[in-house]
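Colleague: I would like to learn how to read the features of a model such as this one, taking them one at a time. Could you give me the general idea in each case and then show me where it applies?

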Amino acid sequence: MRLSARVDYALRASAELAVAGSHPVTAVQLAEAQQIPPKFLENILGQLRRSGLVRSQRGPEGGYWLARPAERISLADIIRAIDGPLLGVRGERPEHVGYEGPARSLQEVWIALRASERSILEQVTLAHIAAGELPAPVQKLTEDPSAWESPSLI
């Protein structure tokens, strides 16, 4: 899986918003805190706002804040808002691609890969990131990457 700079910046800015709670944070404050180019970040925040993940208010008391509690925003939600589906093959869902001959099983591999990504990215929320406490199955993977075979993750 390759994460774009846009997704990386969106995740980092969203983690800052999770820590801020309901207090508005300006784009400049977010950019400075995470060393993100401000103009680039404003575009990303606009995408998050249009996706319903972030709210904004203009003016001297304005800024950005999460549109729902950090516990209810997964990393997958943010990635989809910025870059679209978690796994696509030539711009298509894995179920919609087909291969012939010896490559036929590739479609099943792409489907399994997407399921594996989802099992991690949908269970990790902004609250986990902000608190620095990952769910136990994900934490286990960071300590022992060979644990990916765990039935709780697949």
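Modeller: Let us begin with what the word helix stands for here: helices are DSSP runs of H or I with at least four residues, and they are numbered from the N terminus. With that convention in hand, Ile-129 is placed in helix 6. Please keep in mind throughout that this is a predicted model.

Colleague: How should I read a nonpolar core, and which residues touch the most other members of the largest one?

Modeller: The general idea is that in soluble globular proteins nonpolar side chains tend to be buried together. In this model the largest nonpolar core has 34 residues, and those touching the most other members are Leu-48, Leu-66, Ile-78 and Leu-126. Two or more residues come from each of helix 1 (5–20), helix 2 (27–34), helix 3 (38–50), strand 2 and helix 4 (75–83), with helix 1 giving the most, namely eight residues. Taking Leu-48 as an example, and setting aside neighbours within four places in sequence, its contacts are Ala-10, Ser-14, Leu-53, Val-54, Ile-78, Ala-81 and Ile-82.

Colleague: Which residues of helix 2 are buried, and why can they be said to line one face of the helix?

Modeller: An α-helix has 3.6 residues a turn, so residues three or four places apart point the same way. In helix 2 the buried residues are Ala-27, Leu-30 and Ala-31; viewed down the helix axis they fall within an arc of 100°, so they line one face of helix 2. The cover over these buried residues includes helix 1, helix 3 and strand 2.

Colleague: What is the phi of Gln-35, and where does this residue lie?

Modeller: Most residues other than glycine have a negative phi. Gln-35 is not a glycine, yet its phi is positive, about 55°. Gln-35 lies in the loop between helix 2 and helix 3, and with 69% relative accessibility it counts as exposed.

Colleague: How do strand 1 and strand 2 pair?

Modeller: In a regular strand the side chains alternate between the two faces of the sheet. Here strand 1 (residues 54–57) and strand 2 (residues 63–66) pair in the antiparallel sense over four bridges, with Val-54 standing opposite Leu-66. The two strands form a hairpin with five residues between them, and Gly-59 in the turn has a positive phi of about 105°.

Colleague: How many aromatic pairs does a search of the whole structure find, and why is the pair of Tyr-9 and Phe-40 assigned its geometry?

Modeller: The search finds one aromatic pair. The ring centres of Tyr-9 and Phe-40 are 5.4 Å apart and their planes stand at 85°, so the pair is edge-to-face. Since Tyr-9 lies in helix 1 and Phe-40 in helix 3, the pair ties together parts that are 31 residues apart in sequence. Tyr-9 counts as buried at 17% relative accessibility, whereas Phe-40, at 30%, counts as partly exposed.

Colleague: How many salt bridges does the structure hold?

Modeller: Side chains of opposite charge can pair when their charged atoms come close. The structure holds three salt bridges. One of them joins the side chains of Asp-8 and Arg-12 at 2.9 Å, N to O; these residues are four apart in helix 1, and are therefore separated by about one helical turn. Another joins Arg-68 and Asp-77 at 3.1 Å, N to O, where Arg-68 is partly exposed at 26% relative accessibility and Asp-77 is partly exposed at 23%. Glu-122 also forms a salt bridge with Arg-80, the closest N and O atoms being 2.5 Å apart. Glu-122 lies in the loop between helix 5 (106–121) and helix 6 (126–131) and Arg-80 in helix 4, so this pair ties together parts that are 42 residues apart in sequence.

How values were computed. Residues numbered from 1 in each chain as written. Predicted model: local features only at pLDDT ≥ 70, side-chain atom pairs only at ≥ 80, totals over all residues. Heavy atoms only, no water. Pairing = 2+ DSSP bridges. Core = buried A, V, L, I, M, F, W, Y, C linked by side-chain atoms within 4.5 Å. Buried < 20%, exposed > 50% of the residue type's maximum accessible area, 1.4 Å probe, protein only. Contact = heavy atoms within 4.5 Å. Phe/Tyr/Trp six-rings, centres within 6.5 Å; stacked < 30°, edge-to-face > 60°. Salt bridge = Lys/Arg side-chain N within 4 Å of Asp/Glu carboxyl O. Arc of directions from axis to C-beta.
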